[in-house]
Every structure is written in C-alpha cells, then in structure tokens.
Amino acid sequence: MTLHQTNPAQAQPIVEGLTQDVAEFVVGTTYADLPADVIELGKKSILDGIGLALSGSVAKSGEYIQAYLDGLGIKEGPATVIGTSLKVPPRFAAFANGVGIHADDYDDTQLAVAKDRVYGLLTHPTAPALPAALAVAEAGGRSGQDMMLAYHLGVEVECKIAEAINPRHYQHGFHATATCGTYAAAAAAGKIKGLSVEQMVRAFGCAGSQSAGLRENFGTMMKPFHAGRSSESGVVAADFAELGWTTTDKILEAPRGFFQAAGGGFDADAIVGKLGAPWTFASPGVSIKPHPSGSLTHPGMTKMLELIRTHGIKAEDVERVDVGTNQNMPNALIHHRPKNELQAKFSMEFCMAILLLDGRGSLPEFTDETVEREDVKAMIERVNFHVHPEAEAAGYDKMTTIIDIHMKDGRTISGRSDFGKGSPANPMTYDEAADKFRGCAEFAKWDKAKTEAIIETVRRLEAVRDIRELTALCA
C-alpha cells in the first residue's frame, strides 16, 4: 500500500492499495492474534446481540420478516432465524437476525476517536457483523473460535471504515450501520468461507456497490431493515466473490469509490496501519446500551436516573426540565413529539419524561401504548431539549448532556454526563450484560433453561467445537 501526498484538486490523500491492505488483514489474521481482553469484550456484545435478536423476533418488524421469508417459499436451510423455528439459507438468516438485533435500537454502538467524528454516531457494529458470521459459521458447522474470529474481523473493518470516512457521510444523511456494516458482513462471511486475498478484495467491491441506507428513515422499521440488509449484502458479496464474480480492486480508495462518493473523502490516518492496532474493542471501545433508545440519549438517561434516585424527585413536583447537548444530538434525536414507540427511541423528550414518570426505561416502556399515555404527553411538554454552548464546546467525541431540573418549589437540580452506563468509561460486566440478556429473553417469552444455557455457552464460546451447539438453543 502506498500513501501519496494530497492531491490539490481533491484535497484528499491518494491511497493506493487500501482495499488490498484491508483484505490482507482479514485473510491473514488468526484467532491467536486476538488479544484476550478483546475476546472477552466481544463475548458481551455477542451475548447482547443474541438477546436482542430474541426480543426483536417478537417485534412487529419480526412478524413481518417471518411472513416475508415464509412467502419466499424457503422451507429448508442450514441457518437459524433466532427466536423462531425457521431454518433458511445464510443470507436470509443474516437479514432476519440483523433486523432483529437492531429492531429495538438496543444494540451496541461504536465510539469515535477524533473530535469531528460524532461520538456514538458511527455504527452499531454487532448488528451487521454477528448475523453474517453466525449464519455462515452455522451452515459450515464451524467452531466457536472460527465464529468469534470472523465476528471480530467484521467489527474491526466496519469500525475503522466508519472512523475514517468524512463526518459528512453521517451528517448529510447516510446511516453508517447500513453502509459500513456491509463491509463488516463481507469480511465476516468471507473469513468463514476461507476466501483468498483476491477474493476478499472482490467481496469488498461487491459490498461497496450494495452499501446503502438513509437516516431519514430513523424512527421507522427501515432503520433495523438497514442493519439486516447490510448483513445480508455482505453474505451475498462473499458468495459472489467465491464464485468468481469480478469487481474493482480499489472500492474504498478510488476517486469514484466508497470514501469519495459517500463521504467526500476520508482520513487516511484513521485506517492506514490501524486495523487491529489497536482493536476497536480495546480502544476506544464499544458501548452496550442499558436502554432501548438511540445511544445519544444514554448519558442524559444515566444522569437523570441518578438525580431522581439521589434527590427523590417525583414527576408531579417538576416544573420543567432543560436538556442541553451539542448540535449533532438534536440532528439525530429528531422526534420531539413522538407518535409511536419507534419515534420515541429518537426522542430525548420522551426518554426524560418516562424516567421521571416510571423510574425506568426498558423494553416494556418503549411501546405505542406508553407513548399515547396522557401523562407522558404532558411531561414531554415540560422538557426543553436544546443546544447548550458548554456541551458544544466539549466536542463531538463526547455525548455531553447537561440537565437542569426546575422544581415547583423553586429549586434547580442539575447534573452533567459525558458518557452513559455501558460505555467503556462506565462498562457493564459480563454478568450485567447477562442480566440485560435475561430481560430480552423474558420479553420474548423464551424458555428460562435455554436462556441460562445460552449465557453459559457464550461465556465459554472459545471451547465450543460446533457453533450449532449455540444456535440450537436460539431456535
């Protein structure tokens, strides 16, 4: 790979061989290359993803996905649609499970490094990577180590691409989980299939032309569709590369390639020589969500719960709440008066209101019925969500949220949070992630014995000789 000086006409470094370099990293990395801490961090996200696929299977979108697959006439296949009795070809299992993991917007999030890369607004790394790795590994009867390696490679490729592309990509409307996630799935599926470097390059070329997804669809079923379709597209890309399908060999770096077309350029220093150095799971880390809402709501929700519990705040005693953030947060949390549960996930006002009223914000609170409650609507009117100069000055690599609760007795109770529970700054343990998993499984009315068996199987995933031991518990 060669990095040339900036082209004055494009104001963009010319990086030759970048796609080849990424392919070589994927093909050449072995399970022994994964650091022990990265393996353990990954287990938490794998468990989290399976739990979310379970709860997502009983969402309305899960009902539609299962009806769609039934309508295709696909009655047999080697890959499990988690939470159902369906066994389908890997591409369709990747699609269904990707939708399921992202259905409740409860899945993990990549954290940004540079101050112009919006913290929490890069990708949801597990939703595209895990379904592809799991489906192709199950079809081939591969080991837990094989699946974990493919998953980690997918996450690493996805996150480094998302970190590198110009922030304009997200800010102007692309959904990075959908776009960068396609490369994650291609890397994961291709690794399981044992693609050569040349084949992996072509898999990325195929993935790039399928990369799509627009943020205008946030708050609708299309957002989880993006995650599922990116996972499916990556499997398709690996399938076609294996067959011999031809593509460009420079899909990432070319003047008409992904970085330029979808972002207007990229930061070469964020990806060149950075794959696995360090692994994204190690630094800056991946955040696991404690609430089924957009990650940008989480620092505020963490702080609001803390203030409620510390000061014994009751909703009826609150006059109004001011919530201040940087300008990128209202740009994503766009539903100020949500009409349904999907919009509520992207409503800071709803998230603050439900914590004040119910003292928690979990799957049972994010329902259409809750959104329609009169007390919820009234409390939302008391929440002022705005851009705060102090939060803006803190930089976009944080999710700085400043809360001022104005009480009817004249007091003002205030707090600030840059990071939410589940972030690397305030991480969940495996046991805490397991408690979240139990909540998702219970929401799906999943068998308790299977629930506990999944938790323990993922805990010892490196010792599992056939991944079908795990997927059988998910069916």
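Me: What makes valine 323 stand opposite a residue in E8, and which residue is that?
Reply: Valine 323 faces phenylalanine 385 in E8. Strand E7 (residues 318-325) and E8 pair in the parallel sense over five bridges; two strands pair if DSSP finds at least two bridges between them, so they count as paired. Strands here are DSSP runs of E, at least two residues, and helices runs of H or I, at least four, numbered from the N terminus. Mind you, this is a predicted model: local features need pLDDT of at least 70, side-chain atom pairs pLDDT 80 or more, while totals for chains, interfaces and linings use all residues. Residues are numbered from 1 along each chain as its sequence is written, and side-chain values use heavy atoms, without hydrogens and water.

Me: Why are E8 and E10 called edge strands?
Reply: The open sheet runs E8-E7-E9-E10, with mixed pairing. Strand E8 (383-387) and strand E10 (412-417) each have a single partner strand, so one side of each lacks a neighbour in the sheet.

Me: Why is serine 233 called buried?
Reply: Buried means under 20% relative accessible area (exposed is over 50%, partly exposed in between; 1.4 Å probe, protein chains only). Serine 233 has 4% relative accessibility, so it counts as buried. This serine sits in helix H10 (residues 222-243).

Me: What is serine 233 in contact with, leaving aside neighbours within four places in sequence?
Reply: Thr182 and Gln210, where contact means heavy atoms within 4.5 Å.
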